[in-house]
Amino acid sequence: MDTPSYLRMVVTKLSREIGVRSYQDYDRLEKTVKYVSAEFSSFGYQVATQSFKFAGHMYQNVIAELKGTTSPETVLVVGAHYDTVRTTPGADDNASGVAGLLGLAQLFANKPLGKTVRFVAFPLEEPPAYRTRNMGSYHYASSLKKAREKVDGMICLEMIGFFCDRSGSQHYPIPFMNLKFPKSGNYIAMVGNRKSRKFTLDMAAGFRKATDLTLVTLNAPAIVVGIDFSDHWSFAKFGYPAFMVTDTAFYRNPNYHSPSDLPDTLDYNRMANVVEGLKAAVEEWGGP
């Protein structure tokens, strides 16, 4: 199966077959854990889970590792959240990110790098856990810190599937940004805090070598609304370089958090370009 077709299959499975995946939809979240785990396993990865409690229920991070051959102690985390809010089936937010995560893991299957890559699917990115210690990503980042692991950085896949070529389709949190950045929502962005600038630019350089999809980078303080609105926030809290790869969510996608966030609204060819670009970036980071 080619990459665009695979990405469409994953998004359709999560958003149409499983459906709304909020923190209260325990059975659907469990189905998602089993599905993501089975996909990782089918690529040949050993799969681990990290369980934690929230609001009286247990939730699970799903982890697959591509162990490095020469510097296995050095780790890159690539992650995406698999939950949604209750108002949406979440094709773009964030089945697209999970599809990208699995697509990337598939491309790297049985092709280890010098350094270690961990592919992690997180629950509880959305409210009420959002931007708290209850997020799945916070639990995982905390465990890395406690284990004193050498984490070079974290790449968060947060809505990577909605594109629009119409001029004026892209919006920004601060008016002057309209003068600097594209007016059409036909690009992908890498967005993080100021401390993550070098990590972001290094990954962006590798990304651009593999695809002509327009890439925009932004490293800015949290005063820019949306700059830390996903799981990379958790890793930044522990001092790790981190950024999100995003189609900019509500600054572009009119279906954000709504029932209309459906598989047919996404552009799977451009999503595949995102995955190919990330593959090249991770390869350059990981070395032989």
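Biologist: Which strands each supply at least two residues of the lining of the largest pocket?
Modeller: Strands S8 (188-192), S9 (215-219) and S10 (242-246). Keep in mind that this is a predicted model.

Biologist: What volume does the largest pocket have?
Modeller: About 390 Å³. Its lining has 31 residues. Gly 226, Met 244, Thr 246, Thr 248 and Tyr 251 lie nearest the centre.

Biologist: How does that lining divide into nonpolar, polar and charged?
Modeller: There are 21 nonpolar residues, six polar and four charged.

Biologist: Back to Thr 248. Where is it found?
Modeller: Thr 248 sits in the loop between S10 and helix H8 (268-286).

Biologist: Is Thr 248 buried or exposed?
Modeller: Buried, because its relative accessibility is 13% and the cut-off for buried is under 20%.

Biologist: Which side chain does Thr 248 join in a polar contact?
Modeller: That of Gln 170, at 2.9 Å. Leaving aside neighbours within four places in sequence, Thr 248 is in contact with Gln 170, Tyr 187 and Ala 189.

Biologist: What about phi at Ala 249?
Modeller: Positive, about 55°, although Ala 249 is not a glycine. Ala 249 is also in the loop between S10 and H8, and it counts as buried at 10% relative accessibility.

Biologist: Now the second largest pocket. What is its volume, and which element gives the largest share of the lining?
Modeller: The volume is about 180 Å³. H7 gives the largest share of the lining, four residues. The lining residues include His 232, Trp 233, Ala 236 and Lys 237. By type, the lining has seven nonpolar, three polar and two charged residues.

Biologist: Switching to the core. Which residues of the largest nonpolar core touch the most other members?
Modeller: Phe 40, Tyr 45, Phe 119, Ile 155 and Val 245, out of 65 residues. Helix H3 (residues 91-108) brings the largest share of this core, 10 residues. Apart from it lies another core of 30 residues, including Val 75, Ala 141, Phe 181 and Val 224.

Biologist: What is Ile 155 in contact with, leaving aside neighbours within four places in sequence?
Modeller: Among its contacts are Leu 76, Val 78, Phe 199, Met 203, Phe 243, Val 245 and Leu 278.

Biologist: On to H4. Which of its residues are buried?
Modeller: In H4 (residues 136-146), they are Gly 136, Ser 137, Tyr 138, Tyr 140, Ala 141, Ser 142 and Leu 144.

Biologist: And what do those buried residues pack against?
Modeller: Strands S1 (47-54), S2 (57-66), S3 (71-81), S4 (115-122) and S5 (150-157), plus helix H7 (232-237). Just after H4, Arg 148 takes a positive phi of about 55°.

Biologist: Where are the cis peptide bonds you'd flag?
Modeller: One joins Asp 93 and Asn 94, with omega about 10°. Asn 94 is in helix H3. Another runs from Pro 127 to Pro 128, with omega near 10°. Pro 128 is in the loop between S4 and H4.

Biologist: What is phi of Leu 124?
Modeller: Near 60°, a positive value in a residue other than glycine. Leu 124 is in the loop between S4 and H4 and counts as buried at 1% relative accessibility.

Biologist: Last one, Glu 30. Where is it found?
Modeller: In helix H2 (residues 26-42). Glu 30 is partly exposed, with a relative accessible area of 35%. The C-alpha atoms of Glu 30 and Gln 60 are separated by 8.5 Å, and the two are 30 residues apart along the chain.

Technical notes
Residues numbered from 1 in each chain as written. Predicted model: local features only at pLDDT ≥ 70, side-chain atom pairs only at ≥ 80, totals over all residues. Heavy atoms only, no water. Buried < 20%, exposed > 50% of the residue type's maximum accessible area, 1.4 Å probe, protein only. Contact = heavy atoms within 4.5 Å. Core = buried A, V, L, I, M, F, W, Y, C linked by side-chain atoms within 4.5 Å. 1 Å grid on protein atoms, 1.4 Å probe; cavity = no way out; pocket = protein on both sides within 12 Å on 5 of 7 lines; lining within 4 Å. Points joined across faces, edges and corners; volume = space filled by probe spheres on them. Nonpolar A, V, L, I, M, F, W, Y, C, P; charged D, E, K, R; others polar. Polar contact = N/O pair within 3.5 Å; in protein donor to acceptor, adjacent residues only side chain to side chain.
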